[in-house]
Amino acid sequence: MSLDIAIISHASLDVFSDNLYLGGPASYGGRLLSNLGARFLVTPMVGKNFPFTEYYERKIKDYLFLPSRKTTTFIMNFNNGLRSLKILDKADSFTIDLIPAEVFKSNFIFLSPIVDDMDLNFIKSLFEKAK
C-alpha cells in the first residue's frame, strides 16, 4: 500500500529565552498527519545529538531520520512585538540518494525547505524519480 503523503523537510531546534523548542515543517506536519491517521512518512534531516527523538517516537511514529552533521538551529528574539531569527547551525542539504524508496511511491510529496537546503537539481531529480 502506498503512502498518502511524504514530507521532505528539516526538523529544527528553536532557542528562545534559554529554552529549546522543536520546530520545522517535518515536526509540525508529521504530528498533524499522525493525528489525522494518514499513511505518511516524514524524512527530517537531523544531527546525531537531536534531542527530540523521543517526541518523534511517541507523537509522529512514521519517520526516518536522515543523517546530517548538524541540526538546523535558530535563535529567536522578540523586540517590541517583532520576531527576529538568527541561524546558529544549519543541517546538510538534501540529496536524492538519501531519500528512501517508499517516498517515490507516495501519492503526494510535500517539500518544505527552511534554510537553503534543497537545490534545484535535487527538486528536479525528485520530480523525475517520482513519476
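Two strands are taken to pair if DSSP finds at least two bridges between them, and the strands themselves (E, at least two residues), like the helices (H or I, at least four residues), are DSSP runs numbered from the N terminus. The structure is a predicted model, in which local features need pLDDT of at least 70 and side-chain atom pairs count only at pLDDT 80 or more, whereas totals for chains, interfaces and linings use all residues. Residues are numbered from 1 along each chain as its sequence is written, and side-chain values use heavy atoms, with hydrogens and water left out.

On these terms, strands E2 and E3 form a hairpin with two residues between them, and serine 17 in the turn has a positive phi of about 50 degrees. Five bridges hold E2 (residues 12-16) against E3 (residues 19-23) in the antiparallel sense, and among the bridge partners are phenylalanine 16 and, in E3, asparagine 19. Strand E2 is also joined to strand E7 (residues 72-79), in this case by four bridges and in the parallel sense, with valine 15 standing opposite isoleucine 75 of E7.

Serine 12 belongs to strand E2 and, with a relative accessibility of 2%, counts as buried (under 20% relative accessible area, with exposed meaning over 50% and partly exposed in between, for a 1.4 Å probe and protein chains only). Its side chain makes a polar contact of 3.5 Å with that of aspartate 14, where a polar contact is a pair of N or O atoms within 3.5 Å, of which, within protein, one must be able to donate a hydrogen and the other to accept it, residues adjacent in sequence counting only if both atoms are side-chain atoms. When residues up to four places away in sequence are not counted, serine 12 is in contact (heavy atoms within 4.5 Å) with Tyr21, Leu22, Gly23, Gly24, Thr71, Thr72, Phe74 and Ile114. The C-alpha atoms of serine 12 and aspartate 89 are 9.5 Å apart in space, although these residues are 77 apart in sequence.

Serine 106 is found in the loop between helix H3 (101-104) and strand E9 (108-112), and its relative accessibility of 11% places it among the buried residues. A polar atom of its side chain lies 2.8 Å from the backbone oxygen of valine 103, and the side chain of serine 106 also reaches the backbone oxygen of phenylalanine 108 at 2.9 Å. Apart from neighbours within four places in sequence, the contacts of serine 106 are with Leu3, Ile5 and Ala6.

Aromatic pairs were assigned to rings of Phe, Tyr and Trp (its six-membered ring) with centres within 6.5 Å, planes under 30 degrees apart counting as stacked, over 60 as edge-to-face and the rest as tilted. By this rule the count comes to nine pairs. In the edge-to-face pair of phenylalanine 50 and phenylalanine 65, the centres are 5.3 Å apart and the planes are at 70 degrees. Because phenylalanine 50 lies in the loop between strand E5 (45-46) and helix H2 (53-60), and phenylalanine 65 in the loop between H2 and strand E6 (66-67), the pair ties together parts that are 15 residues apart in sequence. Phenylalanine 50 is buried at 7% relative accessibility, whereas phenylalanine 65 is partly exposed at 22%. The pair of tyrosine 55 and tyrosine 56 is edge-to-face because the ring planes stand at 75 degrees, with the centres 6.4 Å apart. Of these residues, tyrosine 55 is partly exposed at 21% and tyrosine 56 is buried at 0%. Ring pairs link Phe50, Phe52, Tyr55, Tyr56, Tyr63 and Phe65 into a cluster.
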